[in-house]
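Hi,

Here's the structure I said I'd pass on. Have a look at it first, then read my notes below.

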Amino acid sequence: MGLLIQQTMSLNSSTLLNEENAQGAKRNPECLESLPQTPSSVEDNPLQQLQLASQEVLEKAKKSGRSKCPRCNSSRMFYCYTCFVPVETVPTKEIPTVKLPLKIDIIKHPNETDGKSTAVHAKLLAPDDVTIYKYPCIPEYEEKRHEIALIFPGPNSVSVKDIAFHLQKYTKKGVCASDDDCSREPVLKQAKIEPEEEKNPNEGISNSRSEGTRLKKIIFIDSTWNQTNKIITDERLQGLLQIELKTRKTCFWRHQKGKPDTYLSTIEAIYYFLVDYHQEILKESYKGQYDNLLFFFSFMYTLIKDAKCCAGKE
Ligand SMILES: [Zn+2]
């Protein structure tokens with residue numbers, strides 16, 4: 001399935017739909033199994049209600065076919081997944097830019113095929129706030145543990161609304177997240193705790209707001225489930241507050257076989273985290289501020305879904 005899509009996504013766009021049709025028809029049983037059902041309501045397809053910038057530029061690029069990456073000259077569709085830039089037929093100024101309320105680090109497993117990853121969508125659409133690292137080249141987070149969290153559904157993970165409460169413990173007790181951590185690593189360096197006033201001189205904010213905005217950076221892991229387990233045990237990621245997202249169904253067309261449909265793609269996870277963060281931490285009503293993070297995702301999803309439907313699945 002992954003291979004099928006990967007091949008077709010890199011084909012000339014004029015043949016993209018036909019290829020999908022041909023292969024989709026041949027491999028119909030498998031496609032049926034691994035594709036989301038045709039949405040019958042907004043609830044089934046949350047992508048339908050997004051407030052997105054015009055996707056005309058993507059429509060045009062689709063028609064004209066693959067184009068050159070301005071940096072490495074590779075022939076790509078829509079964007080270059082190795083250089084994290086749009087191709088020549090997709091001018092940067094016609095792509096929306098999303099301003100995020102905090103920084104995002106994405107740790108990518110080197111084995112994760114570049115063309116299949118949606119992590120690059122985040123970098124393209126929020127270039128000022130997103131950094132992609134290729135494992136094992138990742139930053140040291142130890143001294144920033146009081147203002148960083150990691151998205152990972154583990155036994156100790158907490159929900160988004162409880163982030164502030166748990167990060168508070170990190171500051172008060174130094175860098176120890178729990179008694180376990182303290183006994184295991186008794187001589188950790190004290191995290192640098194700078195006065196909030198120094199960092200945010202202009203913000204006359206309430207206590208609850210200042211507690212909530214303690215979080216400065218959120219880390220996502222972009223890999224298959226098995227690879228994630230390898231990364232999560234890296235000593236540089238130990239002791240970080242782990243966050244579990246609310247259960248939501250994926251729309252991802254390369255849904256991993258054998259995994260539940262709540263296993264989100266990286267860009268979906270980022271998007272849903274930000275929506276929750278906005279409402280539950282910033283305490284602001286959500287008005288589509290981050291919807292454009294799904295600018296490429298929703299377009300490609302529709303492209304693939306339509307092609308599959310045309311393959312005559314029923
Ligand atoms: Zn490139």
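Let's start with helix α4: what covers its buried residues includes β1 (67–68) and α12 (295–310). That cover is judged by contacts, where two residues have C-beta atoms, placed from the backbone, within 7 Å. Helices (H or I, at least four residues) and strands (E, at least two) are DSSP runs, numbered from the N terminus.

Before going on: this is a predicted model, where local features need pLDDT of at least 70, side-chain atom pairs count only at pLDDT 80 or more, and totals for chains, interfaces and linings use all residues. Residues are numbered from 1 along each chain as its sequence is written.

So which residues of α4 (residues 56–64) are buried? They're Val57, Leu58 and Ala61 (buried is 20 or more other C-beta atoms within 10 Å of a residue's own, exposed is 12 or fewer, partly exposed is in between, with C-beta atoms placed from the backbone). These three sit on the same side of α4 because they cover an arc of only 95° around the axis, taking the directions from the helix axis to the C-beta atoms. Glu56, Lys60 and Lys63, on the other side, are exposed. Just after α4, Gly65 has a positive phi of about 90°.

Now the sheet. Six strands make an open, parallel sheet, ordered β6-β5-β9-β7-β10-β8 (a pair needs at least two DSSP bridges). β6 (130–134) and β8 (158–159) are the edges, each pairing on one side only. β5 (residues 103–108) joins β6 through five bridges, and Ile104 stands opposite Val130 in β6.

Cheers
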